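Welcome, and please take a moment to look over the model shown here. The paragraphs after it will walk you through it step by step.

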Amino acid sequence: MDITITEVASRDGLQNEKHPVSTEQKIELIGRISKAGMKRFEVTSFVSPRAVPALADAEDVVKGVPDRESLIIEALVPNLRGAERAAALKLDEWVCFASASESHSQANSNTSTEEALARLQPVIDLAKQEGVVPVGAIATSFGCPFEGDVPIERVVEVAKRMTDMGVETIKLGDTIGTAWPSRVRELVRAMREALPETVLVLHLHNTRDMSLANVLTGISEGVDRYESALAGVGGCPFAPGATGNISTEDLVHFLHLEGHKTGLDLGKLIEAGHWFETVLERKLPAHLLRAKPVGETVELASTRRAAG
């Protein structure tokens with residue numbers, strides 16, 4: 001199967017990052033990953049700089065993306081004010097989000113889910129006026145840090161509201177890494193039944209080390225679009241306990257072993273991941289930054305035994 005990956009390190013990966021990352025480093029991050037063949041990036045968010053200071057340079061990052069004409073560039077656009085900022089930058093897609101759970105919606109945007117959805121309609125309308133593709137994203141699709149389980153019916157209900165507004169692609173966010181394979185299967189099937197024409201994207205976090213099993217399940221259900229972050233960075237600042245995204249390196253390594261095509265150069269991704277560790281000045285979660293890809297060998301050191 002041909003698998004499409006969207007790289008989210010410069011947005012989801014950095015939104016909760018305590019270590020300062022300059023605009024120039026964010027632009028270099030995107031450039032290094034694109035040299036590995038990545039074509040889709042969710043580069044930033046046009047959220048209030050007061051709410052997420054790490055993404056206050058959204059305009060400058062978008063303007064600095066190298067070889068932009070060859071890429072599909074997305075950004076998170078939470079409300080009309082953010083949309084007005086984004087409109088001048090000629091992005092390809094605006095990601096319009098709402099939380100499936102009420103508690104996370106209040107923590108994330110200080111609104112109810114209903115109010116958050118109502119805010120999206122003018123954003124989607126403006127996107128279409130600007131020739132931009134609006135994309136829906138549903139946070140806490142698999143669980144909420146405040147409420148626990150989120151009923152599948154609730155996620156489908158929010159998705160229907162988004163598609164009624166004119167969205168044709170829905171991202172299902174595993175915000176706190178509580179998805180497990182049978183739940184992924186159940187939600188994907190419910191979405192397919194309710195919205196058979198809607199394109200599904202799985203946005204998975206690896207908090208409990210189940211993300212690759214969830215990808216395997218998604219693929220078995222025909223889902224061919226996923227989101228990941230270089231080196232496994234990330235986490236929602238409004239969801240206590242949320243940790244990093246599925247690592248791009250680990251995801252690509254897994255997909256290639258399973259015979260799927262990504263169009264990505266794993267070696268260059270690993271190189272970029274090691275560089276990213278120098279930027280953030282710590283070891284990052286990706287397994288492929290510690291272990292060699294399956295099939296790579298090391299040279300056996302020669303040994304000599306002392307005579308006698």
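Predicted model: local features only at pLDDT ≥ 70, side-chain atom pairs only at ≥ 80, totals over all residues.

Residues are numbered from 1 along each chain as its sequence is written, and side-chain values use heavy atoms, with hydrogens and water left out.

Let us begin with the chain as a whole. Its secondary structure comes to 10 helices and 8 strands; these are DSSP runs numbered from the N terminus, with helices (H or I) of at least four residues and strands (E) of at least two. The radius of gyration of the protein chain is 20 Å, close to the 19 Å that the globule rule gives for 308 residues, so the chain is as compact as a globular protein of that length. Here the radius is taken over C-alpha atoms, and the rule is 2.2 Å times the number of residues to the power 0.38. Of the 308 residues, 56% count as buried, where buried means under 20% relative accessible area, exposed over 50%, and partly exposed in between (1.4 Å probe, protein chains only). Among contacts (heavy atoms within 4.5 Å) with a separation of 6 or more, residues 24 or more positions apart account for 74%.

Now turn to the open spaces. On a 1 Å grid over the protein atoms alone, a pocket is an open set of points where a 1.4 Å probe fits, with protein on both sides within 12 Å along at least five of seven lines, and its lining residues have an atom within 4 Å of a point. Grid points are joined across faces, edges and corners, and a volume is the space filled by probe spheres set on the points. The largest pocket holds about 810 Å³ of space. Its lining has 43 residues, and V47, L76, P78, F97 and N108 are the closest to its centre. Two or more lining residues come from each of β2 (40-45), α3 (80-87), β4 (93-99), α4 (102-109), α5 (113-129), β5 (133-139) and β6 (169-173). Helix α4 gives the largest share, with 4 residues. By type, this lining divides into 19 nonpolar, 15 polar and 9 charged residues. In this sorting, Ala, Val, Leu, Ile, Met, Phe, Trp, Tyr, Cys and Pro are nonpolar, Asp, Glu, Lys and Arg are charged, and the others, Gly among them, are polar.

The second largest pocket has a volume of about 260 Å³. Which residues lie nearest its centre? They are N206, D209, S211, D250 and H287, out of 18 lining residues. The elements that give two or more residues to this lining are α8 (211-220) and α9 (248-257). Its residues divide into 7 nonpolar, 9 polar and 2 charged.

Next, find D12 in the loop between β1 (4-7) and α1 (23-34). D12 is buried, with a relative accessible area of 3%. Its side chain makes polar contacts with two histidine side chains, that of H203 at 2.8 Å and that of H205 at 3.4 Å. A polar contact is a pair of N or O atoms within 3.5 Å; within protein, one must be able to donate a hydrogen and the other to accept it, and residues adjacent in sequence count only if both atoms are side-chain atoms. Leaving aside neighbours within four places in sequence, D12 is in contact with H203, H205, G234, G235 and N245.

L195 sits in another loop, between α7 (181-194) and β7 (199-203). Is L195 buried or exposed? L195 is buried, at 13% relative accessible area. Not counting residues up to four places away in sequence, L195 touches A159, K160 and T163. From L195 to T243 there are 48 residues in sequence and 30 Å in space, C-alpha to C-alpha. Q129 and E153 are 24 residues apart in sequence and 32 Å apart in space, C-alpha to C-alpha.

The last stop concerns backbone angles. Most residues other than glycine have a negative phi. D67, although it is not a glycine, has a positive phi of about 50°. D67 lies in the loop between α2 (58-64) and β3 (72-76) and counts as exposed at 53% relative accessibility. A231 also has a positive phi, near 70°, and is a residue other than glycine. A231 is located in the loop between β8 (225-228) and α9, where it is buried, with a relative accessible area of 0%.
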